[in-house]
Amino acid sequence: MAEHAKRSPAVIEVIPASPNQESILANLLELYAHDFSEFHNVELGADGRFGYKHLSLYWCEPHRHPFLVRMDGKLGGFVLVKRGSEISSDDTVWDMAEFFILRGYRRRGMGTQTAHEVWQRFSGLWEVRVMESNNSAHQFWARAIAAFVGETIHSVLVEKRGQRWRVFSFESKRTPQRPSE
């Protein structure tokens with residue numbers, strides 16, 4: 001039997017990040033920016049870091065929500081969610097600002113499960129935007145969103161500030177919590 005077939009399903013936790021975990025998120029954002037540099041022209045600073053200028057806002061603005069993702073208790077990624085569309089400027093839309101799963105955890109359903117958990121926490125209209133050149137991310141989001149809403153949602157091509165994005169729009173409806181047994 002193949003090694004991967006012996007594994008039990010991973011326990012995935014999406015945990016709100018506290019202000020004292022900002023440095024952990026900053027470190028993960030460096031890995032994310034490195035991966036993203038394949039599709040987007042991001043420049044290293046003089047300090048050898050990419051940086052993320054909006055990170056500190058996630059602990060002082062109430063419409064921003066930072067999360068760490070743990071896979072079987074180990075750090076596996078992060079999610080940054082904010083209220084307000086980067087594309088349509090609609091202040092009521094939830095925006096998947098940044099989403100990152102470490103390479104070693106990809107292609108095992110963990111990213112999809114993480115996204116679904118985030119969407120369950122924030123009911124309402126959502127936008128997920130993907131750079132047009134990032135085909136693997138586009139395929140991931142198309143599958144994850146279809147599995148969540150139960151139908152295929154087609155992305156729309158949008159150009160904003162000289163960038164070309166594929167944007168998925170859908171609604172998350174809060175599901176009732178099941179009583180503890």
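## Arg64

The side chain of Arg64 makes a polar contact with the side chain of Glu61, at 2.8 Å. A polar contact here is a pair of N or O atoms within 3.5 Å; within protein, one must be able to donate a hydrogen and the other to accept it, and residues adjacent in sequence count only if both atoms are side-chain atoms. This is a predicted model: local features need pLDDT of at least 70, side-chain atom pairs count only at pLDDT 80 or more, and totals for chains, interfaces and linings use all residues. Residues are numbered from 1 along each chain as its sequence is written, and side-chain values use heavy atoms, with hydrogens and water left out.

Arg64 lies in strand β2, residues 64-71. Arg64 counts as buried because its relative accessibility is 14%. Buried means under 20% relative accessible area, exposed over 50%, partly exposed in between (1.4 Å probe, protein chains only). Setting aside residues up to four places away in sequence, Arg64 touches His54, Leu57, Tyr58, Val81 and Lys82. Contact means heavy atoms within 4.5 Å.

## Overall layout

The protein chain has 4 helices and 7 strands. These are DSSP runs, numbered from the N terminus: helices are H or I with at least four residues, strands E with at least two. From the N terminus on, the order is α-β-α-β-β-β-α-β-α-β-β.

Of the 181 residues in the protein chain, 38% are buried. Among contacts with a separation of 6 or more, 63% join residues 24 or more positions apart.

The largest nonpolar core has 30 residues. Val81, Met96, Trp119, Trp126 and Trp141 touch the most other members. Such a core is a set of buried Ala, Val, Leu, Ile, Met, Phe, Trp, Tyr and Cys residues joined through side-chain atoms within 4.5 Å. Elements giving two or more residues to this core include β1 (12-16), β3 (74-83), β4 (94-101) and β7 (163-172). The largest share, 6 residues, comes from α4.

A second, separate core has 12 residues, among them Leu25, Leu55, Leu80 and Ala97. In soluble globular proteins, nonpolar side chains tend to be buried together.

## Helix α3 and Trp119

Helix α3 has 12 residues and spans 17 Å from its first C-alpha to its last, close to the expected 16 Å. The expected span is 1.5 Å times one less than the number of residues. Met110, Gly111, Thr114, Ala115, His116, Val118 and Trp119 are buried in α3.

Trp119 has contacts well along the sequence in its list. Leaving out residues up to four places away, Trp119 touches Met96, Trp126, Val128, Trp141, Ala144, Ile145, Phe148, Phe170 and Ser172.

## Helix α4

Helix α4 has 15 residues and reaches 21 Å from first C-alpha to last, close to the 21 Å expected. Its buried residues are Ala137, His138, Phe140, Trp141, Ala144, Ile145 and Phe148. They sit on the same side of α4, because they cover an arc of only 160 degrees around the axis. The arc is taken from the directions from the helix axis to the C-beta atoms.

The buried residues of α4 pack against β4, α3, β5 and β7. The face turned away from that buried side carries the exposed residues Asn135, Arg143 and Ala147. Just after α4, Gly150 takes a positive phi of about 85 degrees.

## Ser155

Ser155 lies in the loop between α4 and β6 (156-160). At 18% relative accessibility, Ser155 counts as buried. The side chain of Ser155 makes a polar contact with the side chain of His138, at 2.7 Å.
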